[in-house]
Amino acid sequence: MQQQQPPVIIVGAGPSGLATAACLSLHSIPYIILEREDCSASLWKKYSYDRLHLHLHKQFCELPHLPFPDSYPQFISKEQFIRYLDDYVSHFKITPLYRRCVESAEFDESTETWIVKARDLGSNEVEEFKGRFLAVASGEACDPYTPDIQGLESFSGLLLHSTQFRNGKAFRDKNVLVVGSGNSGMEIAMDLANHGAKTSIVVRSPVHILSREMVYLGLNLLKYIPVSLVDSLMIMLSKLVYRDTSKHGISRPKEGPFFMKVAYGKYPVFDVGTYSKIKSQEIQVLPAISSIRGNEVVFHNGKAHGFDTIVLCTGFKRSTHLWLKGDDYLLNDDGIPKPSFPNHWKGNNGLYCVGLSRRGLYGASSDAQNIANDIKSLLK
């Protein structure tokens, strides 16, 4: 076992971990980052589809202390964001320890330090790290989630999670079912339709559909007026632009889009062209799945359809509860902060979390700055 003792241990080298490292660097506070993959920002580099763009204007997505280049467009592509993150790593001289899978992190009362044990996936040895502070930056999108669908294991076609989908080129003329109507599901469905796949999407629960411009307006208005008023305006604009979406199998929630984002972490759908394909029936909307038998999928309306491929856009689970020991204050079993905003980032005994408040890159950036400032004041 190897022992290393910087004051701060960061778990995760995605945007949240990188932001925390940069903020600590500016205060000259040493740290180490443990990352289970072989690169930083692995979700972006290895597990995201080609046409992915940041859904919010770039001003809401930059990390602390390094703005996006002026040449970047308002809505940044996956490639541009990866380039920015790589520049961020080199600018702040961030050197994560890669292929370190954290197996346990526990606060030792006697020494007032966090003891973190991580397996080196190269050598298979378990290493031990000690630090006064621990920052959990392992991400909202940590482990791909597969729902429990009756008969899913019997599906005879190709089954993918959204993390395995790159583009629709290979699916021309195939019958493809997209399960999940969040932003990834809607965008992957559009990509499949654009590439000539016979595309269907499961829309199980009500969703808000907003344009990027509406969301930009809403985020700016939230600085000045209450969420309830902003939500009322968003719903009115959505009805003006998209009309009665229930005619196409999509109902609107009773609660407002920004309220739902804060309360449940459920984002509105940022429409980038999918809805027009739903209206023209290039994409078929289907209700929740009852069961699967071979290549046949049975839906809650009693109808059955055959599919060659199923793409699960069913999100992620967090595995923090498997390795973080003794914390009953900061994170719940699903790895989401228990304390409500804006006090969600700080726990007990020098424990912090960054980027887990379901407020996107903007929230992660704010968390990272709060954490670095707090650690600086405690080290004094």
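Predicted model: local features only at pLDDT ≥ 70, side-chain atom pairs only at ≥ 80, totals over all residues.

1. Let me begin with the overall count of charged pairs. The structure holds 12 salt bridges. The next points pick out some of them.

2. Please have a look at Arg-318 and Asp-334, whose side chains form a salt bridge with an N to O distance of 2.9 Å. This pair links distant parts of the chain, 16 residues apart. Arg-318 sits in the loop between β20 (316–317) and α9 (320–323), while Asp-334 belongs to the loop between β21 (324–325) and β22 (351–353). Arg-318 counts as buried because its relative accessible area is 12%, under the 20% cut-off. Asp-334, at 26%, is partly exposed.

3. Which parts of the chain does the pair of Asp-374 and Lys-346 tie together? These two side chains meet in a salt bridge at 3.0 Å, N to O. Asp-374 is in helix α10 (residues 360–379) and Lys-346 is in the loop between β21 and β22, so the bridge ties together parts that are 28 residues apart in sequence. With a relative accessibility of 14%, Asp-374 is buried, whereas Lys-346 is partly exposed at 32%.

4. Some salt bridges share partners, and in this way Glu-37, Asp-38 and Lys-46 are joined into one network. I would be glad if you showed these three residues together in a figure panel.

5. Glu-282 and Lys-277 make another salt bridge, with 3.2 Å between the closest N and O atoms.

6. Finally, a word on the surface. Tyr-224, Ile-225 and Leu-229 make a nonpolar surface patch of about 340 Å². Tyr-224 is located in the loop between α5 (212–221) and α6 (227–242). Is this tyrosine, Tyr-224, buried or exposed? Tyr-224 counts as exposed because its relative accessibility of 68% lies over the 50% cut-off.

Note on methods: Residues numbered from 1 in each chain as written. Heavy atoms only, no water. Patch = residues over 30% accessible without salt bridge, like charges linked within 9 Å, V, L, I, M, F, W, Y side chains within 5 Å. Areas by Shrake-Rupley, 256 points an atom, 1.4 Å probe, with all protein chains shown as cover. Salt bridge = Lys/Arg side-chain N within 4 Å of Asp/Glu carboxyl O. Helix = DSSP H or I, 4+ residues; strand = E, 2+ residues; numbered from the N terminus. Buried < 20%, exposed > 50% of the residue type's maximum accessible area, 1.4 Å probe, protein only.
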